Amino acid sequence: MVAVLAMAVVAVPSGATTRGVVAAASASCTPKTNIEAIIDDSGSMAITDENRLRIQAIDLLINALPPQTQLGGVEFGSELFEKGAADIVFPTEPVGANAAAMKSALDVAIQADNGATDYNSAFAAADAADPISQARIFLTDGGHNEGEYKEAHLAHNVPTYVIGFGSGLTAPEDQARLQKIATDTGAAFFPLPDASALQAAMTKIEAALTCQTPPREFNDLLKEGQVKFHSIPVGASTKTLQIVLSWPSALDKFKLAGLKLIAKHKVVAAARPKVRKLQVTKEGGQTFLVAKVSGLTKGKLRFSVKAAKIGSGEPKVKLTTQVGRGAGH
């Protein structure tokens, strides 16, 4: 079995509905500054997301969004309303000043302990927690299975980006319902085979929310110590790029290095320069790295990724690298 590591240059996953992602690149797009994350924490998540990559995906979003963007989070399941205030994982606040508290709250609250899968209570909780949100992210591993679904996503009709993954969503009616939620609200549906692609999908959603074009994506299978080189063209108007690496096991570690800007076959800027210095900031989680590279001019950005440690026991690990424009950092 091959483990998966994702380094993000954002691209829409195979089979994903791209309506909302494509719209994000249009001139009329307005960046969303108030976002609510709706996170499935039903019991089945203990099996479908045993590495709790949904937490890492939200952590990645927190690091990638512009610091002034407000983000809130709620969990859902059939026991949602019985838990009262505990339904709110963290209140809607700017991510920059509250990143550490948000991540800590996610780690405590998201434990696959919220019963069955109830979409009605999910949207009701999100509406109560943040009635003025401009966009939502709805993440689930199962179809609605608590009574009749009452089109709850329409009560507060804002773009709702939907991520569905796992064996609990194989029924056509379940896929159709998630597609409808995304289509009704003018967003996109990301159907994934399993949890390993959650972080890469979240990077694509972050690009859409901030009106960036979808990032370019590289996928590499790497054994311990192996290095892979990549390059991406930089336009004259591009001053900042965001590079995201993601992978599924916290036992594995990956590095980003060798950042160089090439123009007319010469190195004109680098992270460790004898030439003009590129500004590079890095923030990471257990299974991802977000790097923001600024000081760019027209040319080609080259970099390398390395499997520094493979502790998961897999012979090779899939790393996803996504590269796109940074938003407001």
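I take buried to mean under 20% relative accessible area, exposed to mean over 50%, and partly exposed to be in between, with a 1.4 Å probe and protein chains only. By that rule I looked up Arg54 and Asp49, and noted that Arg54 is buried and that Asp49 is buried too.

The model I am reading is predicted, so I note that local features need pLDDT of at least 70, that side-chain atom pairs count only at pLDDT 80 or more, and that totals for chains, interfaces and linings use all residues. Residues are numbered from 1 along each chain as its sequence is written, and side-chain values use heavy atoms, with hydrogens and water left out.

Entry on salt bridges. I count a salt bridge where a side-chain nitrogen of Lys or Arg is within 4 Å of a carboxyl oxygen of Asp or Glu, and the structure holds 9 of them. Arg54 and Asp49 meet in one, at 2.8 Å from N to O, and Asp41 is linked with Asp49 and Arg54 in a network of salt bridges.

I then turned to Arg52, whose salt bridge with Asp107 has its closest N and O atoms 2.5 Å apart. This pair links distant parts of the chain, 55 residues apart, with Arg52 in the loop between helix H2 (45–48) and helix H3 (53–64) and Asp107 in helix H4 (residues 95–109); helices here are DSSP runs of H or I with at least four residues, strands are runs of E with at least two, and both are numbered from the N terminus. Arg52 counts as partly exposed at 24% relative accessibility, and Asp107 is partly exposed at 37%.

Entry on aromatic rings. I pair rings of Phe, Tyr and Trp (its six-membered ring) if their centres lie within 6.5 Å, calling planes under 30 degrees apart stacked, over 60 edge-to-face and the rest tilted. A search of the whole structure finds 7 aromatic pairs. Phe76 and Phe138 are stacked, because their ring centres are 5.3 Å apart and their planes are at 15°. They lie 62 residues apart, Phe76 in strand S4 (residues 70–76) and Phe138 in strand S6 (residues 135–142). Phe76 is buried at 0% relative accessibility, and Phe138 is buried with a relative accessible area of 0%.

Tyr119 and Tyr149 form an edge-to-face pair, 5.8 Å centre to centre with 80° between the planes.
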